[in-house]
Structures are given as C-alpha cells and as structure tokens.
Amino acid sequence: MLRSHLWPHTTHVPSYTRYFITTPVLLSGHNKWSKIKQRKGLEDAKKSVIYGKASRDIVAAARNGGSASPEENSLLATAIRRAKDAGVPKENIETALAKAVRSKGQGHQSLTYEAMLHGSIGIIIECQTDNINRTLSNVRDILTDHGARQAPVKFMFQRRGFIKVAAVEDQQSSLLDAVLGPDGVTDFDTWNNESGSPDGLLLVCRPEALAKVTAEIDRFPSCEVLVNEIAYAPLEQGETADDVKARVSDLVEALEEDDDVIRIWTTLEENPGNLMADC
C-alpha cells in the first residue's frame with residue numbers, strides 16, 4: 001500500500017494542479033516498487049543461504065580440524081577465507097567463530113536430535129551443550145513453533161565422510177589413484193568454479209576412513225582440503241513443493257540462531273557425490 005505522504009489529500013490540491021496527478025503514473029510507481037521489493041526479497045534469501053552455509057562450514061571446520069583458532073587449524077582458516085570471498089559480513093564470521101569456541105569449551109556434550117516436518121522431511125540437528133535439558137527444551141520449542149515434531153529419521157540418511165578438495169586438473173588422476181579403494185574413497189565427483197572450469201574433487205568415504213584419506217591428500221602439496229566432515233546425506237530425494245521448502249528454510253534458520261546448534265541436515269539437501277547405499 002502506498003504511504004500517505006505519496007498520496008496527498010485531494011482537499012489540499014488546488015483544482016488547477018489536478019491534471020498533474022494521473023492514475024498511470026501512480027500505478028507505474030507502485031508496480032516498479034513491487035518489482036524492487038520482489039528482487040530484494042530474492043537477493044536477501046540468496047544471501048541468507050550463503051551466510052548460513054558459511055557459518056556451518058566455519059563451525060564444522062573448527063570441530064573437525066581440532067582447534068577453534070585459524071592459526072592452528074588450516075581447515076578453519078580456509079573456511080573463513082571462503083566466507084570472506086563470498087561477501088559474508090565480518091560480524092557473521094565472528095558470531096560463527098564464537099559458536100565454534102563455545103562448542104570446544106570444557107563440559108560440553110554432543111547431542112543429536114531427530115525430527116520430521118510435513119510428514120516426510122527428515123531433519124537431523126547436531127548440538128554441543130553444557131546443559132542438555134536447556135538445549136532439548138529450546139530445540140523442541142523451535143520445532144513446535146514451525147510445525148515439526150520429534151521422530152526417528154536417521155534411516156532416511158547415510159552417514160559418510162565427505163571431503164571437498166581444491167586440485168588442479170593435472171593432479172586429480174594422481175590423487176584419485178592414491179585414495180580410491182575399499183578402505184579409502186568409495187565414490188567421487190568433480191566440482192566446478194563459477195566459470196565452469198573443473199576446480200577439484202568431491203570425495204566420499206566411510207566415516208572411519210576420513211582421517212586416513214585426509215592424511216593421504218595432505219601428501220599432495222598442490223591440493224587443498226576445503227571441507228572435511230562426517231555428514232548425513234539423504235538416501236532419497238523427491239519432488240517438494242516450494243511452500244514446503246520455504247517452511248524447511250525458515251525452520252533451519254530459526255534453529256541456527258540457537259547457540260547450542262552446531263549443524264543441521266535435511267532430506268532436501270543434495271547428496272554429495274553419487275553415494276552408494278552399500279558402500
């Protein structure tokens with residue numbers, strides 16, 4: 001609706017200026033503003049996804065790299081650099097680092113919460129907490145507010161080691177020769193940069209093989225590990241309506257605002273690589 005200062009009361013407009021106020025001009029302005037709002041809404045939604053992913057990557061890197069200090073943790077330093085390159089604000093990065101530090105604090109316990117939304121969307125919530133009762137209460141309240149409920153959903157996921165490596169094309173074959181095998185990488189894919197050129201590899205392995213594979217990659221000085229984590233990947237992905245996706249996005253955003261929540265997986269996420277269910 002147009003604001004009152006954009007539509008002066010006719011009692012204050014002299015009759016000789018009436019021809020300056022025309023309906024097409026007002027409608028044109030209204031339509032233009034609607035388009036601007038729509039475009040801004042899409043841009044804000046895109047930024048929210050980027051910022052949320054950057055925050056999760058920073059916290060995961062701090063946890064998996066053994067330190068919440070980027071000087072002592074190359075994975076964390078890489079995650080922070082990528083967040084900056086993506087335009088993530090400094091305060092968002094600092095908030096994610098603070099959460100990572102808290103998750104490394106003494107007395108914290110790991111907690112995994114399973115939930116279901118819309119009767120078919122599985123959600124796994126990983127937390128680090130010094131007060132389990134507080135965390136469970138907060139998570140339950142958030143789920144209830146968004147129409148979700150506690151339910152066993154791990155059967156809808158695979159738990160796999162996942163590594164994203166920056167590797168020039170000439171090095172990729174040698175790297176795969178070194179890490180592929182029943183006790184190492186069981187599946188892989190390539191990932192491309194914005195120009196479409198191959199920039200590296202996505203590697204999948206059993207959780208217990210993650211440390212071994214990462215150590216092998218470190219032997220290649222021209223390769224850089226960008227992501228190194230044990231992830232939950234959905235076994236199946238079906239068509240989902242846009243309004244359901246929006247509800248899941250709102251729920252994930254609300255959960256991420258809780259200081260105890262470290263990582264969230266949903267069955268709407270892409271399964272990294274072509275994971276094999278029996279690998």
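This report describes a sheet, the helices on it and the cavities of a predicted model.

## The sheet

Four strands form an open sheet in the order β3-β1-β2-β8, and their pairing is antiparallel. Strands β3 (148-150) and β8 (261-266) are at the edges, each pairing on one side only. On average, neighbouring strands of this sheet are turned by 30 degrees against each other, direction ignored.

Strands β1 (residues 109-117) and β2 (residues 121-129) run antiparallel and are joined by 9 bridges. Opposite Met 116 stands Gly 122 in β2.

## Helices on the sheet

Helix α4 (residues 132-145) packs on the sheet and touches β1, β2, β3 and β8. The direction of α4 makes about 20 degrees with that of β1. Helix α7 (residues 242-256) lies across β1, β2, β3 and β8, and runs at about 165 degrees to β8.

## The largest cavity

The structure has 2 cavities of 30 Å³ or more. The largest cavity has a volume of about 70 Å³. At least two residues of its lining come from each of α1 (23-64), α2 (74-85) and β7 (224-234). Among the lining residues are Asp 57, Asn 64, Leu 75 and Glu 229. By class, the lining has 6 nonpolar, 2 polar and 2 charged residues.

## The second largest cavity

The second largest cavity holds about 50 Å³ of space. Its lining includes Gly 52, Arg 56, Lys 99, Glu 256 and Arg 263. Two or more lining residues come from each of α1 and β8, and the largest share, 4 residues, is from α1. This lining divides into 3 nonpolar, 2 polar and 4 charged residues.

Conventions: Residues numbered from 1 in each chain as written. Predicted model: local features only at pLDDT ≥ 70, side-chain atom pairs only at ≥ 80, totals over all residues. Heavy atoms only, no water. Pairing = 2+ DSSP bridges. Axes fitted to C-alpha atoms, helices over the stretch in contact; angles between N-to-C directions. Contact = heavy atoms within 4.5 Å. 1 Å grid on protein atoms, 1.4 Å probe; cavity = no way out; pocket = protein on both sides within 12 Å on 5 of 7 lines; lining within 4 Å. Points joined across faces, edges and corners; volume = space filled by probe spheres on them. Nonpolar A, V, L, I, M, F, W, Y, C, P; charged D, E, K, R; others polar.
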